Amino acid sequence: MSASLAGAAAIAGIGATEFSKDSGRSELRLAAEAVRAALDDAALDPADVDGMVTFTMDGNAEIAVARELGVPALRFFSQIGYGGGAACATVHQAAMAVATGAASVVVCYRALNERSGRRFGRVATGAVAAPTTSGVDSGWHYPMGIATPAATVAMLARRYMHCYGATSEDFGRVTVADRRHAATNPHAWFYQRPVTLAEHQASRWIAEPLRLLDCCQESDGAVAVVVTSLDRARTLPHPPAVIRAAAQGAGADQFTMTSYYRDELTGLPEMALVADQLWRQAGMAPAGIRTAILYDHFTPYVLIQLEELGFCQRGEARHFIADGAIELGGRRPVNPRGGQLGEAYIHGMNGIAEGVRQVRGTSVNQVPGDGPVLVTAGTGVPTSGLILGDD
Amino acid sequence: MNDEQIRAAAARITAAGDSQPRAARDPVNLPMIRNWIEAIDPGSDPDPDTAPPSMIQAWTMPGLHGARTGDDPLGQVNQVMDEAGFTSVVATNCDQSYPRYLKLGEHLTVRTRLLDVTGPKRTALGDGWFVTTRSSWFSGNELVATMDFRILKFKPREPASHTPPATGNPAGPMRPLVTPDTAFFWAGTAVGELRIQRCASCGALRHPPGPMCPACGQPADGGYVVAAGTGEVFSYVVHHHPPVPGKKLPMVVALVQLPEGVRMVGEMPGVRPDLVRIGLPVRVAFARVDDDLALPAWRPAEGMLPDRVIDVTPTFVISSALATRDFQDVHHDRELAVKRGSKDIFINILTTTGLVQRYVSAWAPDAVVRAVSIRLGVPCHAGETLTLSGQVTGDDGDEQVVAVTGRCSLGDHVTATVRIAR
């Protein structure tokens, strides 16, 4: 499968709403606007769309979005689970559909009023009551007090610090990089608002060892991308962002955010699983990547991703980033638009859009070079990743 | 009166130094000690050779119809603050130290001076000034006890506004979903057993449990072993924000490595976050949520004092206030207490200090209490349950330091440090 998927499909259009704290519109409206913008970007019509993919967490059914846009027929629709881990997997699904002929133009979208509506940072008491395996899993953590995303990450972060000597300041360097990048991105919530390491250190505890500035923001907004065959993408206005590799991963003894029962509690083996597939499919090594857009809902997982993806050795990420390597102009710029800490939390979909811009060469913070771009999805959960390159 | 004038007045009162010695009405005597023990620590030795050290203030309380002397520095500062509009008062800290215990028959005098006035400060209650006085008790010329007492004199932010503390419970506790695969575990916690799934076929242990045994592929079939109840902290979180239903924040939640080879998540209720570390030996405790549910919880294996749970009845509030010779109406007259903006009568500070000291002394009956420092939190009203918990936080061979927390439904009523010599 993987050999035939690489290079079979491309992202031909990207679209988004503004990123805010209060959109003032329904999530369905946001979804429709983003999909419409992505189709306009690709110079395609709703009538061209025959496939749709979103997250199980998205509140907008494919048929609802299709109704609003006047999509006449859907031949392929799919929803991916596990929160933000779904982001790159939506494109993975779309590419597989296109590569197999199940669909010809697939729209992937995510729309959420995550700040003005249901805030993910709060305790989702319903999670523990759900009569599902997820509800049962939550029963081992929520009633005891591990009941927010930050708290679930803090447990692993503490162990990571203990085993490898990482500090809160090491986590803070991720925030400083993201906010510096967002400061020059007019679309970012934190446009022109960089922070210093001292400000990170002064921010209050949320779930020790995580501070407020270790946690991504909460946002309203929507992002959509259009996936079609590489051949068709070549006929459309923008240079295709070729899907060189796409993969999902769930590891041994996997839980959602609480994989606390593996021998080690310092890594993200599900991301290593994704990474192995990506490098193999794309036929390349980490050194060839131009820039990486790493899912950054919480800073410690950016450090661990650098290790799992092979940019540095296990436990070495704090040394790897110490000299500003992940900042623009550094050896390995990460999240050039500011990521979810700086730009917006659109559940990883804004990272895919930025990956496309970097391939096109149109980013506000364009990273020089001609190598492909790596994008990852939610961490601590079953996850996914993409490598996007030019034609 | 502006800030500078307040500072000038404070400097003048400070410069005047100690007030004239004021004599206790009665010598240290057994009847008062017995009343005090009966109210605050019933069941303990009613016939001691020495007075409980935390009774010190009671000996020189002015009495039901007593008044402050003219040179009492706290009275003078209060007058200044009242004139400046800082009319409300709340006590925040009381630090007592006891060079030696008092014997029956000793005659005490007390002198008080103004130690410090700091402000204006913006507080949760309103803008105000922290006022600290130091009282020194003498038997003859010998110093036998000191007390630094800090109050906040403030302008109330809003009349009768009682903002619930951020640490309150936003809703009832969360409950686990019990399925046929997990019922054995929750049946165990309900009866005080920590059960680990044990495969009926191959004997493999597993937590969290599931219907199948991943080790051998056979159905797990509900078998279990009862854990020894010991473990080590493998990692932990100190959760500060946002509120979690049924929990008081901040709280420590630990991932515990059990000697049986599995890991388990549980809260460490009452533990001081700065004393938790990876590798800390812990022992299981069960946090009862209600009749149907108990959650696994963990406590440090060593250095934890057993909890003392006090049923704060009106009788307890009133008898302990009177036994400490504190006749302020908010401690015995419900109607007046409510009129003054309280929910009900509430425990007085002398009693809180006494409770903390006796709690530690009950745990270490042969130790000598050298000092008790308390920081006051939310009031503890009649009708509450006050739970005292303690933890040894330091031990240099000569002196042990015990951190004590007293919690009621609104949050921490008192956090304290007690120094004892073994």
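Analyst: Of the 391 residues of chain A, 65% count as buried; buried means under 20% relative accessible area, exposed over 50%, and partly exposed in between, with a 1.4 Å probe and protein chains only. This is a predicted model, in which local features need pLDDT of at least 70 and side-chain atom pairs count only at pLDDT 80 or more, while totals for chains, interfaces and linings use all residues. Residues are numbered from 1 along each chain as its sequence is written, chains are lettered from A and ligands numbered from 1 in the order in which they are written, and side-chain values use heavy atoms, leaving out hydrogens and water.

Chain A exposes about 12800 Å², and carbon and sulfur atoms supply 51% of that area (Shrake-Rupley method, 1.4 Å probe; for residues, only the protein chains shown count as cover). Its C-alpha trace spans about 55 × 50 × 40 Å along the principal axes. Among contacts in chain A between residues at least 6 apart in sequence, 77% join residues at least 24 apart, a contact being heavy atoms within 4.5 Å.

Chain A has 14 helices and eleven strands; these are DSSP runs numbered from the N terminus, with at least four residues (H or I) for a helix and at least two (E) for a strand. E2(A), helix H3 (residues 62-69) of chain A and E3(A) form a right-handed β-α-β unit: with the strands pointing away from the viewer, the path from the first strand over the helix to the second runs clockwise. Strand E2 (residues 51-55) of chain A runs parallel to E3(A), joined by five bridges; strands pair if DSSP finds at least two bridges between them. A:Thr54 has A:Gln79 in E3(A) as its bridge partner.

Elsewhere, A:Glu33 and A:Arg29 meet in a salt bridge (2.7 Å, N to O), that is, a side-chain nitrogen of Lys or Arg within 4 Å of a carboxyl oxygen of Asp or Glu. Both lie in helix H2 (residues 27-42) of chain A, four residues apart, about one turn of the helix.
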